[in-house]
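Please open the model in your viewer and keep the sequence panel beside it. The tour moves from the whole chain to single residues.

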Amino acid sequence: MDVDKLLLPEINLETDDIIMNIAVKKDYSKIEDLNERKKEFINDLKAFIEEFDQTEESLEFMKYYDNF
């Protein structure tokens, strides 16, 4: 499956400190219960953040603030 050619659902999340644009690749339609679907998405979002925390890219991203 070529993800670049798919029309993926997107969500823009914004707080006072962060704006995050997310394209969702996982098909949550198989989860019929809306609350369970939401719970699965939130769990996947948390896992994504935890995984990013363990990458070299997260350190490189924070180095941006060394220039201030």
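Which pattern does the protein follow when read along the sequence? Colour the chain by secondary structure, and the pattern reads β-β-α-α, with two helices and two strands in the protein; helices (H or I, at least four residues) and strands (E, at least two) are DSSP runs, numbered from the N terminus. This is a predicted model, in which local features need pLDDT of at least 70 and side-chain atom pairs count only at pLDDT 80 or more, while totals for chains, interfaces and linings use all residues. Residues are numbered from 1 along each chain as its sequence is written, and side-chain values use heavy atoms, with hydrogens and water left out.

Begin with the whole chain. Its C-alpha atoms fill a box of roughly 50 × 30 × 25 Å along the principal axes. The radius of gyration, taken over C-alpha atoms, is 15 Å, whereas a compact globule of 68 residues would have a value near 11 Å, by the rule of 2.2 Å times the number of residues to the power 0.38. Buried residues (under 20% relative accessible area, with exposed over 50% and partly exposed in between, 1.4 Å probe, protein chains only) make up 9% of the 68 residues.

Next, select I22, V24, Y28, F41 and L45, which form the largest nonpolar core; such a core is a set of buried Ala, Val, Leu, Ile, Met, Phe, Trp, Tyr and Cys residues joined through side-chain atoms within 4.5 Å.

Keep Y28 selected and show its surroundings. Not counting residues up to four places away in sequence, Y28 touches R37, E40, F41 and D44, where contact means heavy atoms within 4.5 Å.

From there, move to R37, in helix 1 (residues 34-53). R37 is partly exposed, with a relative accessible area of 27%, and, leaving aside neighbours within four places in sequence, R37 is in contact with Y28, S29, I31 and E32.

Finally, select L7, in the segment before strand 1 (10-14). Is L7 buried or exposed? L7 is exposed, with a relative accessible area of 86%.
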